[in-house]
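Thanks for making time this morning.

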Amino acid sequence: MKTNLDSAFLKSKEGQKAQDILRRCVHCGFCNATCPTYQERSDERDGPRGRIYLIKQMLEGGEVTENTQRHLDRCLTCRSCETTCPSGVKYSQLLDIGRQHIESKVPRSPKEKLLRFTLTRLLPHSALVGFGVTMARTFQFLLPRHLKKKLPERQTADKHYASVSASSLSMPTTKASAPAPAPAHRTMIGFKGCVQQAVTPNTLSAARAVMSHLGIELITVNKETCCGAMNLHLAEHQRAIEQAKQNIDAWWPHIENGAEAIVISASGCGISIKEYPELLSDEAAYINRANAVAAIAKDLSDVLAKEDLSRLPLNNSEQRAAVHCPCSLQHGIDRKDNLYKTLTQVGVIQTQTKEDQLCCGSAGAYSLLQPELSQQLLKRKLDALQCDSPEVIVTANIGCQLHLACGSDMPVKHWIELVAERLSPEKASSH
């Protein structure tokens, strides 16, 4: 694609990056075929190719309007287009540049400003998320219907997971926040996440229980914070940088003490952490550590796919599960094969599904910022997941889990919960 970017902008790092990305695009339109919003709206401006033209026009000094902003806002950042693109266009990076640029060009309404400010200040803090959800449950009779549906069920860490985990190790469980111990069994850091630890604590409890049978202690770190994805995608670039730096500082002593990996059970957080080197490329004091962190940041399915899962004391459950592979896992990290492989190895019966490449409509804060389109995508995804009569839906990302659950009549869980539920204390004691 021929470009003529504004000369002042072209001198910046973002300008150079934008030009390199734009010039890779060959206008083929393959991306539109796998774009969820284009599939729903059939509007060129609501597909990747159209948005690329809108961003190009803006960066070349052309007219920028609320209409431009609206079409960029409608993008889910699912990266399905990147998986499809034969030219390797890094569309998501161009979109982040475009969104950050347009924030200074087109003022938002007071209502939009308040919502975005609330999301970037509330969701990255688990304590505030927990408090907010508790208050919403208490006063749910005051909430609009579409927000009532989004309230997650109350969840506390499952004692069954803890008991099975303890029985697998001939020793009491250690405190989650304790530093990595010196004993022979392996140690990994379990990333808590901001929303996940507040709303679905069973996920990390289940992961800890399963991994204990593999001789792996999963520790957590109190001083870590949000991965930064929320701020980055809502054009709060500097806040995302500060969150990344805080996480690296929190993890580093444990990494130096022998932690093998940072295990991430929310794939949306996983892609953000693995891209810390890009985010911190101008931070000389952090770039080496960012590279080291990215190298050991692993999705939970990646970790288990390399372990001997025959060591797990599993019962013979025949529950049929529909597997929703999040966009962040299949298009961002490109690790969907390990998820299916792991579930197959532990004997989970996986039902047939359709349109696996399409987003469920969650996409971080998207379901709150674009509720109508998000609900259309949710209905389409649930129809695709339930076509083969499953008994449960499992996924690998907290956002997808909560979003699917608000529209589903059947249980929606993180896939590691399904594995942990099959652990047998009796079999564990004999291992």
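How many residues does the largest nonpolar core have, and which of them have the most contacts inside it? Please keep in mind that this is a predicted model. The largest nonpolar core has 37 residues, and those with the most contacts inside it are Met211, Leu304, Leu312, Trp415, Ile416 and Val419. Several elements each supply at least two residues of this core, including the helices α14 (202–212), α20 (300–305) and α26 (415–421), as well as the strands β2 (216–219), β5 (320–324) and β7 (392–395). The largest share, six residues, comes from α14.

If we take Ile416 and leave aside its neighbours within four places in sequence, we find this residue in contact with Thr203, Ala206, Ala207, Val210, Leu300 and Leu304. Apart from this core lies another, of 32 residues, among them Ala259, Leu279, Ala290 and Ala297.

Now to the helix I mentioned, which is α9, residues 110–122. Within α9, Arg116, Leu119 and Thr120 are buried. These three cover an arc of only 90 degrees around the axis, which means that they sit on the same side of α9. On the other side of α9, by contrast, Pro110, Lys111 and Leu114 are exposed. As for what covers the buried residues of α9, this includes α6 (66–73), α8 (91–103), α15 (229–233), α16 (237–256) and α23 (366–369).

Notes:
Residues are numbered from 1 along each chain as its sequence is written. This is a predicted model: local features need pLDDT of at least 70, side-chain atom pairs count only at pLDDT 80 or more; totals for chains, interfaces and linings use all residues. Side-chain values use heavy atoms; hydrogens and water are left out. Helices (H or I, at least four residues) and strands (E, at least two) are DSSP runs, numbered from the N terminus. The expected span of a helix is 1.5 Å times one less than its number of residues. Buried means under 20% relative accessible area, exposed over 50%, partly exposed in between (1.4 Å probe, protein chains only). The arc is that of the directions from the helix axis to the C-beta atoms. Contact means heavy atoms within 4.5 Å. A nonpolar core is a set of buried Ala, Val, Leu, Ile, Met, Phe, Trp, Tyr and Cys residues joined through side-chain atoms within 4.5 Å.
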